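Subject: Structure for you to look at

Hello,

Here is the structure for you to look through. My notes on it follow below.

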Amino acid sequence: MIANLFVVGPAGSGKSTFTAAFREWMVKNEYEAITVNLDPGADALPYVPDVDVRDIIDLESVMKEYGLGPNGAQIVAADLIANFVEEIKSEVDSYEADYVIYDTAGQIELFAFRAASKFIVDFLGESNVMLAFLFDPALSKSPSGYVSLLMLSSSVYFRFYKPYINILSKVDIISDEELQNIARWSSDWDALYLSLLKENPSMSKELSIELFKALENIDAFRTLIPTSARMLYGYEDVYNAIQMTFAGGEDLEKR
Ligand SMILES: Nc1nc2c(ncn2[C@@H]2O[C@H](COP(=O)(O)OP(=O)(O)O)[C@@H](O)[C@H]2O)c(=O)[nH]1
Ligand SMILES: [Mg+2]
């Protein structure tokens with residue numbers, strides 16, 4: 001069985017670095033994992049992708065062909081991926097890897113909020129898809145930032161309706177105290193609610209209660225898995241979360 005993990009999150013949340021680090025952890029632990037770059041506009045990547053959409057779609061040519069600037073070309077290029085999914089999939093399949101990590105476009109809307117993206121995920125991932133949504137700690141350390149990211153991750157979930165995990169990236173750049181706060185919010189939403197009201201005393205209590213109820217109903221409150229690419233930390237927990245989803249906790253073939 002193949003596990004297809006799509007890494008999503010806001011620009012700069014650490015998707016490409018996560019892809020590189022998780023792959024490194026996988027290889028160290030003797031799992032067969034490959035990386036796929038799905039960002040036609042990626043400049044420099046912190047890893048050498050096994051399959052690279054930039055070999056198929058060239059941003060410069062898209063700019064010329066459609067008479068667009070770099071931003072417009074990125075949007076067109078994001079949609080163009082849908083035309084090449086068969087090619088990408090056959091390249092991916094040729095590796096016969098157990099785990100495929102897909103790094104997605106820098107800007108979250110280029111991946112999550114384009115009409116073509118659901119088709120792309122369904123085609124490439126078939127029935128073994130999982131999303132990993134990255135929380136940037138710089139935003140997650142304030143209660144309102146944390147709640148905003150919860151809302152964003154749930155809206156991505158709504159788009160794809162696939163199993164997903166929430167991951168806190170770059171924990172090496174925050175203090176222990178900040179990390180503890182975030183961990184507490186992630187496991188105890190009453191604590192998050194109280195911290196949110198403390199941060200914004202003028203916020204309507206009724207409104208925030210309704211918002212929290214809605215988030216709870218859609219199962220948005222999930223434990224965040226803390227990771228650091230710099231320290232190669234947390235990837236075993238990510239791996240275990242994937243196992244829980246795909247194989248009911250049993251190890252996929254270890255080679
Ligand atoms: N200290 C530290 N920096 C990180 C980590 N992960 C990513 N970064 C940095 O965060 C910035 C954005 O990362 P990148 O992977 O390009 O984000 P993307 O836009 O989501 O792909 C880069 O400068 C990375 O070096 C981490 O675990 N620790
Ligand atoms: Mg990136």
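In what order do the seven strands stand in the sheet, and is the pairing parallel or antiparallel? The order is β3-β2-β4-β1-β5-β6-β7 in an open sheet, and the pairing is parallel. Strands pair here if DSSP finds at least two bridges between them. Helices (H or I, at least four residues) and strands (E, at least two) are DSSP runs, numbered from the N terminus. β3 (51-52) and β7 (225-226) are the edges, each with a single partner strand, so one side of each has no neighbour in the sheet.

This is a predicted model, in which local features need pLDDT of at least 70 and side-chain atom pairs count only at pLDDT 80 or more, while totals for chains, interfaces and linings use all residues. Residues are numbered from 1 along each chain as its sequence is written, and chains are lettered from A and ligands numbered from 1 in the order in which they are written.

The chain has 12 helices and seven strands. Its C-alpha trace spans about 50 × 50 × 30 Å along the principal axes.

Within the sheet, β2 (residues 33-37) and β4 (residues 99-103) are joined in the parallel sense by five bridges. One of the bridge partners is Y99 in β4, which pairs with A33. Helix α1 (residues 15-28) packs on the sheet and touches β1 (3-8), β2, β4 and β5 (129-135). Contact means that the C-beta atoms of two residues, placed from the backbone, lie within 7 Å. The direction of α1 makes about 165 degrees with that of β4. Axes are lines fitted to C-alpha atoms, for helices over the stretch in contact, and angles run from 0 to 180 degrees between N-to-C directions. Helix α6 (residues 116-125) lies across β1 and β5, at about 150 degrees to β1.

Elsewhere, helix α2 (residues 59-66) packs against helix α3 (residues 70-80) at about 105 degrees, with the axes 9 Å apart. That makes the two roughly perpendicular (65 to 115 degrees; under 35 is roughly parallel, over 145 roughly antiparallel, and the rest oblique). L59, V62, M63 and Y66 of α2 meet P70, A73, V76 and A77 of α3. This contact has eight nonpolar, no polar and no charged residues. Ala, Val, Leu, Ile, Met, Phe, Trp, Tyr, Cys and Pro count as nonpolar, Asp, Glu, Lys and Arg as charged, and the others, Gly among them, as polar.

Regards
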